[in-house]
Amino acid sequence: MTQIFAYVPFNNGQAEDVALEFPEAAKKIDASATLTAIVTGSGADLDSVAGEMSKIYGQVIKVDNEALAYPNAEVVRKALVNIVPEGSIVLVPHTTFGMDIAPGLSVKMDAAYAADIIDFQGAEGTTLKMIRQELGGAVSTHVTADISAGAVITVRPGAFAPVDGGSAGGTITDKSGDAGDLSSKRQFLEVVAAEIGDVDITKSDVLVSIGRGIEDEENIEVAQELAEAMNAVVSCSRPIVDAKWLEKSRQVGTSGQTVKPKVYMAMGISGSFQHLGGVKGNPFIVAVNKNPKAPIFQVADVGIVEDILEFMPELTEAISDL
Amino acid sequence: MSSIIGPASYKLFGFFPTAVLAFIVPIVGIGAFAYIMARRIAPLVRAAPDNRLDRIDQRIKNLVIIWLGQLRQPRYMLAGVLHMVIFAGFLILSIRSTSLVVIGLSDGFVLPGFGGLVGVVYNFIKDYAATFVLVACIIAAIRRGIYKPERYAVPEKYGKDHTAEAVFVLGLISTLMISESLFEASELAYAFQLTGQEHFLAPLSLVWIFRGMLLSASSGFLQGLHIFMYFVHDLSFFFFLCFLPLGKHFHVITSLFNVFFMRVKRGNIKPVQHGIKDEELDSLESFGIKKLEDFTWKHMLDFYSCADCGRCSDQCPANAVGRPLSPRFITIKARDLMFKNYPLSGEIYKSNLLVEDIYAEDEIWSCTTCGACEAECPLGIEYIDKMVDLRRGMVDEGMVPQSLQKPLKALEKRGNPYGKMEKKRADWANDKEFKADHSIKNLGKDTAETLFFVDSITSYDDNIQEIARRTCVILEKAGVDFGILGKDEKDSGNEVLRFGEEMLYQDLKEQNTEAILESGVKQIVTADPHAYNALKNDYTGLPPVKHISQVVAQKIAAGELELLPCQEPDKVYVYHDPCYLGRHNGIYEDPRQALDAINGLTRVELEKSRDRSFCCGGGGLMLFYEPEEDTRMGVLRVNMAAEAGANVIVTACPFCLVNIQDAIKVAGKEGEIEALDFTELIGQHLQ
Amino acid sequence: MEILVCVKRVPDTAENEFELNGAGNDLDRDDLVYSVNEWDNYAVEEAIQMVDNVGGSVTVVTVGDDESEEVLRREMAMGANNGVLLSDDAFEGSDGNGIASILKAEIEKGNYDLILTGAQADEGAGQVGGMVAAMLDYPYASLVNKIDIIDDKKINVGREIEGGNQEMNELQLPCVLSIQTGINEPRYVGIRGIRKVAKVDIPVKGSADLGLDADSVGAAGAKTRRVDYFVPDMGEGAEMLEGSTDEIIGKLIEKLKAKGGL
């Protein structure tokens, strides 16, 4: 029987949201497989996350070691190689951590590797069918993996419907003793926090992008609030930078930044050629503009004819209430 | 005692002949001058070649108009007139000054031919000349020293103020005028005292005034003054001569040459290296200007010739919007470096990479190549070729801003800066409404008399494609048999060339040239002045090229195209001259004539129009590059149009339209003022 | 420092519109333009800058067909000293692991202190660097946006992690790093630069030269395969949401949830 292990990263004692999405992914791989969450770390935070996971997963493995206090991918990989049985499927989120650990893990496990999977279409024998995207999201592909010797798969956070956690009553197994030698030729030093105001809009998955429709500098706050509610970043079109209401680094367009978000909220942006030239990767574009003839509606996925100054606060409120 | 003793015969303290001094001063002066000039010429000898001996007739014409006639001077009225006076005075007094040098060795020397009436007339004129020069110098000194016009200010980042040198030189010139006049006046006063005969003098001239003042002076004083003033003049004269090559007054010497050798062809860009054919470019070790010695000798002469008048920067749109570029200091910084690296004595220093040393990358990319500076410079100093050469150097070193790398790569791969597919180049013609009534020939399959060269922005930019369709409608109405190249057309490369990517430009040029020649057309029409300029001035061997405004004006004049009366007679129109139509190609009247052919259309003029037109912000690749600036050029331009009382800005360039449309929004003038392309306005008025 | 940079020739995402071929199982490649993977450019630039500072040489390597030589030339025009093309019919159809195995074989033939790759390429997997490192037992760091050379034994690298934060690590050499965009400003390479290196010899190595078992790479050795391409349905123009503001917001939130916007 297939064994699936989901590696759940966490920050400050809080599991990443993807923890709720793994069960759906695992079900789509093989509904009959056993799913085990793995958490690694050290001390109280680890225990608390392991406890939380036992409410979602039937089995939870925890590995407690000083060397795992910070999730250094090289160290975590060593632990996983020792803990995960041969031939298993390991799920890792396709995040900066997942990209760091997963490829090497697949080599060390001698397993197949599939990255950034957005959907599974089940297994036929030892062939697992999956969907992923290429070319910055411009096209999708069906891929297959031979999982006879196991697989390491990174799944795109947000791609799978989250389960309602709470009552699995799973067992927690402490495998700290099995982690083995955790020495590494890569030492974690520190995390340097991003400077405030030094936002890199090119790295954000969701952008609340404002254009001339914002009308006044004071209204930028309205967009900021929406962005906060959506866990997004505010970007803008050129007139906003020209007016010096936002820094140049926030500008999307041929003369500004090229962005590849997943969701692009074009708020009061008419959608000039120059502006759209900076929006790549085929994001889901939501356009709100009071002008029904705004060209942005030609390229947007969803269009709403409203005044953004009235619409944004209401949307912010609705999202905050979720 | 019969008459005053001249410097040739005078004995100082009764025994020392001043003739010795009058001999030594010129020898030392000329010797020093020759030495200084030799040092100054040294870098020019090592400089890159430059072919400046073509079109001698045009060069002589420039010499007469720009140098001798000083006709660019009155564009700045007060300063210009003052300069014309001083310049004319210098020319006139140069004869007197030369003869004065000889008078120190031979009493009463008169230049051959100046003995009779000629001499009398000359003296009359030169006395006034000296007087006017002095007056001009005083006004100029007051202006510079007290009123300090803004354009002379030196921003801190560019070094120290230059006022002191300017005022010092004005003082030196005044000294020459006064000493010359006193030298003569003392002699005439002496003669009057002796003979009672009043020699005729130009009334109210400096000599006339001085003579009047000296009439009652003692003869001993007059004798002493006469000799003293001779040497004041002699020393000042030779000091001035040697001082000229040390600073901005070098132009007194170099202007004649600089104007003679100035640009005579419009719109084009200098080859990478004179004497190297396009096919041989691969053989060059290095491209463009990286170090001082990479400049051509003419461009170095430009540096020497700058009079620091600040007109270029005053007209420069980049400077006006606070971009890090002031053309004046492109020159001044290079001249300072030339003086530093090629000192008057001692060893010659090696030049560093200019763009890291005296220039900044942003500074060089800030130029829109609009040409306002060159149109203004009274000395014929060039900037665009230097900018392009500096950019060629930067491109060769890989120093290209990231925002420009993308469009350049797209141009290489796709033939347009947007990275759009070649096969979609003619998609503008597939607009449903348009396609219903119009079918555009593709010259890949069909043949036609005329090629409509669309170029990239008009082909691909949704907002601009209308220009392509309107142009087609106009050509149809005018009965022109035309077609397009479709996917075989590539970007004209006007900006690729001007942004220093020479080999990419060569590539685009070759592809376009081949496609155009293969199509067998007899003429080319375009609505894009940038394409017009490239095809006309940069490409070679193509059929004649016309801008759509020329076609319209000609067809109207020939009665082959009639326009309806103005559809919106309440509006006030103003025509904005695109740089690449106007300044670079001299097409000012055709678009205006076409507009004026619309009955009842009210048209006003911008104060800055024709060759003083103010750039909208630049076209082509400039759309992809934004230096730091305080405001946008287009915004200033829109404000100018508003001041002129216009509410419709008509332009004849797709880039102007994009920039001005944007600027109207930024300036908050939506609803008050609108931008319209020439083809759109004409299209609205077709019968 | 001897640096090897692994690069790839990819369809240029900025300059292409991707459409499927008639059969619907592959991209319509006739109109595609290819160039060097954007991330790889940053890796090469970083390598060149490091060598400028501490000496050494930069070698660029790619696994691909004859046409891949152009990307090697482009990187050599940037300033890489050597290029190596790993090409063999047997390599075709390799998955990430296969490519990593081929690169590993080449790396073992040299004496490199540092192996760089781009953080990801056209497929968006970001897998080869980490695999190569694991195969060689070299330490690895992905998404590197800062490199400080400490001495000839170790370097400090910054990794770009979520929220724009930077995770600093100390790695022992030799190591493998995958380079994130933005670490530097890659220099421009024009047609002229490429022509200058047009005649430089670029060795081509096949599986025999690398001592690889042909069955271990290529389609034969691939555990992961791409079956086909497809384009998810996308309507023309925006779907206009109508109704009261509340209704619109309700519909919008559902859509945002589905698309990962919330």
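Start in chain C. Strands S7(C) and S8(C) pair in the antiparallel sense, over 5 bridges. A word on terms. Helices (H or I, at least four residues) and strands (E, at least two) are DSSP runs, numbered from the N terminus. Two strands pair if DSSP finds at least two bridges between them.

Before going on, the ground rules. This is a predicted model, where local features need pLDDT of at least 70, side-chain atom pairs count only at pLDDT 80 or more, and totals for chains, interfaces and linings use all residues. Residues are numbered from 1 along each chain as its sequence is written, while chains are lettered from A and ligands numbered from 1 in the order in which they are written.

Back to S7(C) and S8(C). They form a hairpin, with 4 residues between them. C:Lys146 has C:Gly158 in S8(C) as its bridge partner. S7(C) also pairs with S10(C), this time parallel, through 3 bridges. There, C:Val144 is partnered with C:Ile179 in S10(C). Is S7(C) mostly covered or mostly open? Mostly covered: 7 of its 10 residues are buried. Buried means 20 or more other C-beta atoms within 10 Å of the residue's own; exposed means 12 or fewer; partly exposed is in between; C-beta atoms are placed from the backbone.

One peptide bond to flag. C:Leu173 and C:Pro174 are joined by a cis peptide bond, with omega about -5°. C:Pro174 sits in the loop between strand S9 (166–172) and strand S10 (175–179) of chain C.

Now the contacts between chains. How many residues of chain C are in contact with chain A? It is 65 residues of chain C, against 64 residues of chain A. Contact means that two residues have C-beta atoms, placed from the backbone, within 7 Å. Several elements give two or more residues to the chain C side, including helix H3 (96–109), strand S7 (140–149), strand S8 (154–160) and helix H8 (245–258). By class, that side has 30 nonpolar, 21 polar and 14 charged residues. Here Ala, Val, Leu, Ile, Met, Phe, Trp, Tyr, Cys and Pro count as nonpolar, Asp, Glu, Lys and Arg as charged, and the others, Gly among them, as polar.

Strands pair across the two chains as well. Strand S17 (residues 302–304) of chain A and S13(C) run parallel over 2 bridges. A:Val302 stands opposite C:Glu239 in S13(C).

On to chain B. Its domains are domain 1 (11–260), domain 2 (289–396), domain 3 (418–557) and domain 4 (572–684). Those bounds come from an automatic or database domain assignment. The centres of domain 2 and domain 4 of chain B, taken over C-alpha atoms, are 29 Å apart. In the contact, domain 2 of chain B puts in 15 residues and domain 4 of chain B 19. Helices H11 (317–320), H14 (361–365) and H15 (372–376) of chain B each supply at least two residues of the domain 2 side. That side has 8 nonpolar, 5 polar and 2 charged residues.

B:Thr369 is not a glycine, yet has a positive phi of about 55°. B:Thr369 lies in the loop between H14 and H15 of chain B, and is buried, with 27 other C-beta atoms within 10 Å. B:Asp455, also not a glycine, has a positive phi of about 70°. Where is B:Asp455 found? In the loop between strand S4 (450–453) and helix H19 (456–460) of chain B. B:Asp455 counts as buried, with 30 C-beta neighbours inside 10 Å.
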